[in-house]
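This report is for a reader meeting the structure for the first time. Please look through the sequence and the model before reading on.

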Amino acid sequence: REETAAYLDWIHRSGCQATAHAVGDLAIEFMVEGYEKALAATPRKDPRHRIEHCAIVDPDLIRRMAALGLCPSLNPGFLNWNGSNYVRYYGERMKYFMALRSMIDAGIRVSLGSDAPSGPMESMALLDACVNRTDRSTGEVLDQTQCISMLEALRLYTVNGAVASGEEHLKGSIEPGKLADLAVLSGDLLATPKDRILDLRVDMTVIDGMVA
């Protein structure tokens, strides 16, 4: 706990944005407490410190993250391929596993990540997990408390992703003056039934105006 706090304080005092992977609630508690101490000792406007994965939380941690202006990056796609095991491991704590709904409602600028290229997730699976929270290997429907809408999921994946990296002036939305980073899909995500999201595919990507 003390080592985590000292490291985060050093990063914060250096004027940098801090982050680390933290999955369990105790690891997340260490980071939140460290950020609280760092910001109390050296106030700084909107540092956008992060927590990667930030998987298992509770209402108190969510409240404290919101108060600090943290920008956690979650990967709900893990629910698609391992959700049933998570239920077996964590039981009723699944209510706050990948707590997107609660974080959005608390005003936290949460974003989404796929763990690519090291992780098994791809974009459609991640979006499917946001709105359906279903283990696609077993068919088990998981706790639905933290489900969000497709429009919300798209915002977390794009606009909030840019905010989390301090690049909202360059990317995150398609508008004049920003990089032409976009994906062309085989169908309309907002019109596709929830149970057909995984049928969609990425037909083309454009990065900085170049077709990739």
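## Basis of the model

The model is predicted: local features need pLDDT of at least 70, side-chain atom pairs count only at pLDDT 80 or more, and totals for chains, interfaces and linings use all residues. Residues are numbered from 1 along each chain as its sequence is written, and side-chain values use heavy atoms, with hydrogens and water left out.

## The largest pocket

Rolling a probe the size of a water molecule over the atoms shows where empty space is left. A pocket is defined on a 1 Å grid over the protein atoms alone, as an open set of points where a 1.4 Å probe fits, with protein on both sides within 12 Å along at least five of seven lines. Grid points are joined across faces, edges and corners, and a volume is the space filled by probe spheres set on the points. The largest pocket has a volume of about 1000 Å³. It is lined by 31 residues, and those closest to its centre are Tyr 157, Thr 158, Asp 181, Leu 182 and Ala 183; a lining residue has an atom within 4 Å of a point.

Helices (H or I, at least four residues) and strands (E, at least two) are DSSP runs, numbered from the N terminus. Two or more lining residues come from each of β4 (111-112), α6 (123-132), α7 (150-157), α8 (159-164), β5 (182-185) and β6. By type, the lining has 17 nonpolar, ten polar and four charged residues. In this division Ala, Val, Leu, Ile, Met, Phe, Trp, Tyr, Cys and Pro count as nonpolar, Asp, Glu, Lys and Arg as charged, and the others, Gly among them, as polar.

## Salt bridges

Side chains of opposite charge can pair when their charged atoms come close. A salt bridge is a side-chain nitrogen of Lys or Arg within 4 Å of a carboxyl oxygen of Asp or Glu, and the structure holds 20 of them. One joins the side chains of Arg 64 and Glu 36, at 2.8 Å from N to O. This pair links distant parts of the chain, since Arg 64 lies in helix α3 (residues 59-68) and Glu 36 in helix α2 (residues 25-41), 28 residues apart. Arg 64 is buried, at 11% relative accessibility, and Glu 36 is partly exposed, at 27%. Here buried means under 20% relative accessible area, exposed over 50%, and partly exposed in between (1.4 Å probe, protein chains only).

Glu 168 and Arg 48 also meet in a salt bridge, again listed at 2.8 Å, N to O. Glu 168 is in the loop between α8 and β5, and Arg 48 is in the loop between α2 and β2 (52-53), 120 residues apart. Glu 168 is partly exposed at 28%, while Arg 48 is buried at 14%. In the salt bridge of Lys 171 with Glu 167, the closest N and O atoms are 3.8 Å apart. Lys 171 is partly exposed, at 26% relative accessibility, and Glu 167 is partly exposed, at 26%. Salt bridges that share partners join Arg 1, Glu 29, Glu 33, Glu 36, Lys 37, Asp 60, Arg 63 and Arg 64 into one network.

## A nonpolar surface patch

Val 184, Met 204 and Val 211 form a nonpolar patch on the surface, with about 230 Å² of accessible area together. Accessible areas come from the Shrake-Rupley method with a 1.4 Å probe; for residues, only the protein chains shown count as cover. Patches are made of residues with over 30% relative accessible area and no salt bridge; like charges are joined within 9 Å, and nonpolar side chains (Val, Leu, Ile, Met, Phe, Trp, Tyr) within 5 Å. Met 204 belongs to strand β6 (residues 202-207) and is partly exposed, at 32%.

## Positive phi angles

Most residues other than glycine have a negative phi, and most peptide bonds are trans. Cys 54 has a positive phi, near 45°. Its place is the loop between β2 and α3, and Cys 54 is buried at 0% relative accessibility. Arg 133 also has a positive phi, of about 45°. Arg 133 sits in the loop between α6 and α7 and is buried, with a relative accessible area of 1%.

## Two distances

Tyr 86, in helix α4 (residues 78-90), is buried at 13% relative accessibility. Tyr 86 and His 49 are 37 residues apart in sequence and 27 Å apart in space, C-alpha to C-alpha. Ile 104, in helix α5 (residues 100-105), is partly exposed at 23%.
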